[in-house]
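Good morning, and thank you for coming.

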Amino acid sequence: MTTRTDAPTRREQILGQAARLFAERGFHGVGVDEIGAAVGISGPGLYRHFAGKDAMLAELLVGISERLYSGGRRCLAESSGAGLAPGATLDALIGRHVDFALDDRALITLHDRELDRLRDSDRKLVRQLQRQYVELWVGVVRQVHPELPEKEARASVHAVFGLLNSTPHLSRPSSLPDREAAAALLHRLARGALAAAADAAGGGAADAASDGGSGAPAGAGPRAES
């Protein structure tokens with residue numbers, strides 16, 4: 001996520017331009033020379049920093065998964081140390097992910113399009129980090145909404161990620177309000193989606209209880225298996 005204020009290193013500059021170009025034109029539509037030109041060095045000069053485009057792609061996609069997971073863990077540790085309520089912790093997690101969704105849209109596009117190009121080991125690492133990140137959220141969501149069963153909480157977290165990560169699919173940057181307003185809107189939508197899932201789960205439990213004398217098994221009805 002774009003939270004640092006110091007100047008990026010040359011390696012970070014290369015990765016930033018590679019992410020932008022890969023997202024705009026596809027992995028195979030960009031040459032090493034073009035990435036080098038974008039940061040003011042020769043294409044061959046890039047090989048002092050990376051073995052090639054495949055290495056850049058792997059570092060971008062593994063790197064963002066590591067940053068999201070480590071940032072989430074840090075968020076939980078800081079919240080615990082400060083004695084924050086679960087709702088405040090959830091707000092902090094959402095805020096961090098909103099920053100990512102607004103500031104690193106090229107990486108979202110890159111993940112959607114190019115993940116399958118990674119080596120098996122790198123792709124498995126990305127998936128493992130993503131699962132661990134989801135579980136951080138699930139634990140906090142269930143503290144805020146204890147009526148939400150674990151499977152439904154997990155599905156809800158994935159749905160919220162889909163909502164927040166939709167930012168690259170807007171037709172143009174001006175489709176969003178200004179950054180502050182966009183962040184506030186996304187935050188409200190995420191909170192609202194989780195609350196709606198919890199309300200539905202609570203209502204379902206109440207309905208099942210009220211049907212106790214109907215002869216129907218508990219939980220019966222037109223509800224999809226999770």
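A residue is called buried when its relative accessible area is under 20%, exposed when it is over 50%, and partly exposed in between, using a 1.4 Å probe and protein chains only. By that rule Gly-63 is buried, because its relative accessible area is 16%.

Two remarks on the source are needed. This is a predicted model, in which local features need pLDDT of at least 70 and side-chain atom pairs count only at pLDDT 80 or more, while totals for chains, interfaces and linings use all residues. Residues are numbered from 1 along each chain as its sequence is written, and side-chain values use heavy atoms, with hydrogens and water left out.

Let me begin with the protein as a whole. It has 8 helices and 0 strands; here helices (H or I, at least four residues) and strands (E, at least two) are DSSP runs, numbered from the N terminus. Of the 226 residues in the protein, 37% are buried. A contact means heavy atoms within 4.5 Å. Among the contacts with a separation of 6 or more, 70% join residues 24 or more positions apart.

I turn now to helix H3, residues 53–82, and helix H6, residues 120–144. How do their axes cross? They come within 9 Å and cross at roughly 20°. Axes are lines fitted to C-alpha atoms, for helices over the stretch in contact, and angles run from 0 to 180 degrees between N-to-C directions. Angles under 35 degrees count as roughly parallel, over 145 as roughly antiparallel, 65 to 115 as roughly perpendicular, and the rest as oblique. H3 and H6 are therefore roughly parallel to each other. H3 passes H6 in a left-handed crossing; a crossing is left-handed if the near helix is turned anticlockwise from the far one by less than a right angle, and right-handed if clockwise. On the H3 side, the residues that make the contact include Val-62, Ser-65 and Leu-68, and on the H6 side they include Val-126, Leu-129 and Gln-130. By class, this contact of H3 with H6 has 12 nonpolar, 4 polar and 3 charged residues. In this scheme Ala, Val, Leu, Ile, Met, Phe, Trp, Tyr, Cys and Pro count as nonpolar, Asp, Glu, Lys and Arg as charged, and the others, Gly among them, as polar.

Gly-63, which is found in H3, is 63 residues from Val-126 in sequence and 8.6 Å from it in space, C-alpha to C-alpha. Ser-65 also lies in H3 and is buried, with a relative accessible area of 4%. Leaving aside neighbours within four places in sequence, Ser-65 is in contact with Val-126, Leu-129 and Gln-130. Val-62, another residue of H3, is buried at 10%. With the neighbours within four places in sequence again set aside, Val-62 is in contact with Asp-122, Leu-125, Val-126 and Leu-129.

Which way does H3 run relative to H4? Their axes are 10 Å apart and the packing angle is about 155°, and H3 and H4 are therefore roughly antiparallel to each other. The crossing of H3 past H4 is right-handed. Among the meeting residues are Ile-64, Gly-71 and Cys-75 in H3, and Ala-92, Leu-93 and Phe-100 in H4. The residues of this contact divide into 7 nonpolar, 5 polar and 3 charged.

By class, the contact of H6 with H7 has 9 nonpolar, 1 polar and 4 charged residues.
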